[in-house]
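Follow the model below from its charged pairs to its last helix. The paragraphs take a few residues at a time and place each in its surroundings.

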Amino acid sequence: MNQLKTPENGYQSRILKRTIRLACWGGAWLAATALMKFGPKFLWNKALAFTLLAVGLDVAVGVGMILANKTYLAELDELQQKVYLNALGITVGVALIAGVPYSVMDYYHVIPFHAEIWHLLMLMSLTFSVSFLYGTWRYR
């Protein structure tokens, strides 16, 4: 049976395609970051050339992820863009407000451990997820 494509159906198809592409870029960036972090220790015995190549790969894949994010945002309708941008804004604010004092506390040994970047990345991931889900729920 031949089904007509409604504008809504075409839009949902495009968003699904862009979401999958964005997830693939995110996964690729995660893999490139893991290679950059663990490769020198476990794969190439701290060889400088391979480490620099891994850093370059991480940056290149990161740029690809940024462009995929930009394309994804451009495909969203106005309400979804508003929710997405609000979640991004909250995430940047929380990262700045929490990250700077966290770093200072590490510098002056107020906390009994080192401030690691992955702590901030986890905070940002959780903040974005909660903000995005709340914004999506709020406008339903």
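This is a predicted model: local features need pLDDT of at least 70, side-chain atom pairs count only at pLDDT 80 or more; totals for chains, interfaces and linings use all residues.

T19 belongs to helix 1. Its C-alpha atom is 9.0 Å from that of N69, a residue 50 places away along the chain.

Helix 1, which spans residues 7-42, also carries R14. How many salt bridges does the structure hold? There are two. In one of them the side chain of R14 meets that of E75, with N and O 2.8 Å apart. E75 is in helix 2 (residues 48-75), so this pair links distant parts of the chain, 61 residues apart. The other bridge joins R18 to E75, and here the closest N and O atoms are 3.8 Å apart. R18 lies in helix 1 and E75 in helix 2, so this pair ties together parts that are 57 residues apart in sequence.

R14, in contrast, is partly exposed, with a relative accessible area of 40%.

The next residue to look at is T91, in helix 3 (residues 78-107). Its relative accessibility is 5%, so T91 counts as buried. What does T91 touch, apart from its neighbours within four places in sequence? Its contacts are M124, T127 and F128. A polar atom of the T91 side chain lies 3.3 Å from the backbone nitrogen of F128.

Helix 4 covers residues 117-138, 22 residues in total. From first C-alpha to last it reaches 31 Å, close to the 32 Å expected at 1.5 Å a residue. Its buried residues are T127, S131 and G135. They cover an arc of only 55 degrees around the axis, which puts them on the same side of helix 4. An α-helix has 3.6 residues a turn, so residues three or four places apart point the same way. The cover over the buried residues of helix 4 includes helix 3. On the other side of helix 4, the exposed residues are W118, L126, V130, L133 and W137.

Definitions and conventions. Residues are numbered from 1 along each chain as its sequence is written. Side-chain values use heavy atoms; hydrogens and water are left out. A salt bridge is a side-chain nitrogen of Lys or Arg within 4 Å of a carboxyl oxygen of Asp or Glu. Helices (H or I, at least four residues) and strands (E, at least two) are DSSP runs, numbered from the N terminus. Buried means under 20% relative accessible area, exposed over 50%, partly exposed in between (1.4 Å probe, protein chains only). A polar contact is a pair of N or O atoms within 3.5 Å; within protein, one must be able to donate a hydrogen and the other to accept it, and residues adjacent in sequence count only if both atoms are side-chain atoms. Contact means heavy atoms within 4.5 Å. The expected span of a helix is 1.5 Å times one less than its number of residues. The arc is that of the directions from the helix axis to the C-beta atoms.
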